[in-house]
There are 2 protein chains.
Amino acid sequence: MKATQIDHALDGTLTPEMELISRIEKMDEETVISRVEDGSLVIMKRDNGRCVAIGRGATTKVNVNLGTSSDTIHPGEEIEKAHIAEKYGADTITDLSMGGDISAIRRSIFGHTSLPITTVPVYQAVVEKGLMDMTADDILSYLKIQVDEGVSSVVLHCVQKKMLERIKGAGRVMGMVSKGGSFTSVFMLSNKCENPFIEHFDEVMEILRKKDVVLSLGNTMRSGCIHDLWDEAHKMEAESNAQLAHKAHEHGVQVIIEGMGGHIQANDIAARVQFYRSLSNYPLFVAGPLPTDIAVGYDHIAGAVGASMASDVGADYLCYITPAEHLSLPSPEQVREGLVAFKIASHIGDSIKYGISGKDLELARKRVRFDWEGQMEHALDPDKPRTMCPDNPGPCTMCGKYCAISIMSNYLAEGN
Amino acid sequence: MKATQIDHALDGTLTPEMELISRIEKMDEETVISRVEDGSLVIMKRDNGRCVAIGRGATTKVNVNLGTSSDTIHPGEEIEKAHIAEKYGADTITDLSMGGDISAIRRSIFGHTSLPITTVPVYQAVVEKGLMDMTADDILSYLKIQVDEGVSSVVLHCVQKKMLERIKGAGRVMGMVSKGGSFTSVFMLSNKCENPFIEHFDEVMEILRKKDVVLSLGNTMRSGCIHDLWDEAHKMEAESNAQLAHKAHEHGVQVIIEGMGGHIQANDIAARVQFYRSLSNYPLFVAGPLPTDIAVGYDHIAGAVGASMASDVGADYLCYITPAEHLSLPSPEQVREGLVAFKIASHIGDSIKYGISGKDLELARKRVRFDWEGQMEHALDPDKPRTMCPDNPGPCTMCGKYCAISIMSNYLAEGN
């Protein structure tokens, strides 16, 4: 059977993917090998050769969710979102399509982006086989199909019966808000069985190993509001996912843990990251977190605050949130707004993890010279500010002729 | 001479303003009196009776800057911005007008909002008397005029020659970026004199006492980019402002310290707040801070991240930043975006200072019932999400019929 990145790392072999990551992340080759070996660094790859590293020592990565829903099916807009994701610096895309011809939409997104793509295979099983009718074989067969098509990563929700029993009647305000988690839960409840991915774990490992697809362990128990505090179900899932991650790693399968996501009080963020870190060193993927529920229509901003706080203390991989979160499927423009907000969060996180970046300095040097187009070279999104800045070099209209920088530049430059 | 809030507090008298603040801030009356007395809580008031408390034990407040510039003079838009500020929950407004008929614009803004208004009197002196021609008498006479008109607070930049000498040739990338600070500095340099506000401190105190106007000590030395690190000039100004604040307080004048603002690495924010706190307990006002320079066009988001971090550790009062920061005078719509971003930051800060709010819980309870209009009652901005949510109760178009909350609600509600 074909060796995975972990197999090669165990042999001490530097793969072309690791070599590429070493260059991109400015991490020496031995470090890349040892981190892939211990699972703290994961490499998502596309068959086009593109590689993205997530985890220890790598810059904080940002994922863009896109895809149709049962209510909103505009495949062209999903393609547009994929273009936007790539243009404005997303590291990965997750296709969550549940409306229209899901396979065709997925293939089309594949064709329009070079970024690694993640899917949640149970979504397609639910749509095409029915939530109440799908079988474990159906779920696994969609997993196989999507792996064969070249997805870089899949999300599997390894919720267990004991967790479901724990949140039943536990008084959570929002109950369960994970879509993939709810599908898997309904499957388990209606078939009176345990989790299909855990029941068929060896087969799942075999499927993922075939193309060295990264396993992302979903966060079914995440909170849907900040008043749904950390509870026993959260803890059980975090512990169980850490154990499953170890098992996957032993199979040579790279793994990411989705954790602490959803809605969390701001002062709990650091402690939760530390809790996950106490369980394992696999890369930590967070959605948001959202430290307030009242930022409706502005959840990308609340999420950027939470994600900055989470990445500051060690989250490796951020799932963006758009202004449309909790309201509607986002438009392409809202995808851009959400992505840029999370690029800001990852950049701020990196400034704490790795020190402040030269990009900020380059931009400031252009700013002090009123070189507008020069600033845009370093801006996270050059297009939006271009519509707002002066056409020619010179102070902006905020201060006009009373610009402090201009007024003081002669005095300060005299320097002696 | 009329007694100020501090005078009354020293006498142990509860003023109507303190009584109002006690109710608004849910702080007992004795606590309000003692905090006004020690200066850790400041009350800004309008002649219409409106009072806003800033400081220890009060919720984190948000200021909106508005006003014309020399390049962009649309008084009608400034009125619109004042309406937006009040509608979306700004606590105070600062009128920074430097274009058109400044007095008329200020009076018009006064007439269109009930919020406390702050000004920077040197701005009008510069425009109407000339940066190189204005005298100390001119500056003080504009201060008097604006105080007589009923401003609630004034910003005075108490930069000193020794600070100017310190940053001259110090290699700061962005030099000086405080407009009021640069005007005051130019005045000092061209007249070869010390700071006019310090030179005439007793007179300034007399003017402010007359209407119990809050003195906001400006932050001339703030950094214009995150690579301009904390330097000796910053430290000198922070220490000098703390001393001046003590002097003002001894005169019975309420005082706020503008500090640490501008651009700061994220991991310095907590330490800087602590540094200011080590010098005095006067309310701390921060602009941003911005923890990155590359969020051009999205500085409201970078600022909301920095402001959340600052308010988490004790900043009392946040000056908003709009998406147009560094680019142009903001439009009314950009004022709204900036304000809501900073309302999010202050709300997150309060969740750490005082625990999570019932508003979040109320919103979550409406959300789980798909009560869209009910959610809007608790939203920071109900208008924007109204354009994005479903018209009728039911899951949103993000998940449609595959909504996790719907799918799991029966199982979870069975509770036993």
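**A closer look, starting from one residue**

Author: B:Asp212 is buried, with a relative accessible area of 7%; buried means under 20%, exposed over 50%, and partly exposed in between, with a 1.4 Å probe and protein chains only. Before going further, a word on numbering: residues count from 1 along each chain as its sequence is written, while chains are lettered from A and ligands numbered from 1 in the order in which they are written. This is a predicted model, where local features need pLDDT of at least 70, side-chain atom pairs count only at pLDDT 80 or more, and totals for chains, interfaces and linings use all residues; side-chain values use heavy atoms, leaving out hydrogens and water.

Back to B:Asp212, which sits in the loop between helix H11 (201-210) and strand S7 (214-217) of chain B. Helices (H or I, at least four residues) and strands (E, at least two) are DSSP runs, numbered from the N terminus. The backbone is worth a look here: B:Asp212 is not a glycine, yet has a positive phi of about 50°. Most residues other than glycine have a negative phi, and most peptide bonds are trans.

In chain A, A:Lys26 also has a positive phi of about 50° without being a glycine. A:Lys26 belongs to the loop between H2 and helix H3 (29-38) of chain A. With a relative accessible area of 74%, A:Lys26 is exposed, whereas B:Asp212 is buried. In helix H2 (residues 16-24) of chain A you will find A:Ile24, which is partly exposed at 44%.

Peptide bonds come next. The bond from A:Gly288 to A:Pro289 is cis, with omega near -5°, and A:Pro289 lies in the loop between strand S9 (284-287) and helix H14 (299-312) of chain A. In chain B, a cis peptide bond joins B:Gly288 and B:Pro289, with omega about -5°, and B:Pro289 is placed in the loop between strand S9 (284-287) and helix H14 (299-312) of chain B.

Now to the charged side chains. Side chains of opposite charge can pair when their charged atoms come close. For a salt bridge, the rule asks for a side-chain nitrogen of Lys or Arg within 4 Å of a carboxyl oxygen of Asp or Glu, and over all chains the structure holds 40 of them. One of these joins B:Arg277 and B:Asp316 at 2.6 Å, N to O. B:Arg277 lies in helix H13 (residues 269-279) of chain B and B:Asp316 in the loop between H14 and strand S10 (317-319) of chain B, so the pair ties together parts that are 39 residues apart in sequence.

Finally, how do the two chains meet? Contact (heavy atoms within 4.5 Å) takes 105 residues from chain A and 105 residues from chain B. The area buried between them is about 9,000 Å², with carbon and sulfur atoms giving 71%; buried area is the accessible area (1.4 Å probe) that two parts lose on being put together, summed over both. A:Ile294, A:Tyr298 and A:Tyr402 supply 9% of the area that chain A buries against chain B, more than any other three residues.

Across this interface the rule finds zero salt bridges. Chain A can be laid on chain B with an RMSD of 0.0 Å by a turn of 180° and a shift of 0.0 Å along the axis, with copies superposed by least squares on the C-alpha atoms of residues with pLDDT of at least 70 in both. That is the relation of a two-fold axis. In chain A, the C-alpha nearest the axis belongs to A:Val305, 2.4 Å from it. Both copies use the same surface, as 100% of the contact residues of chain A recur in chain B.
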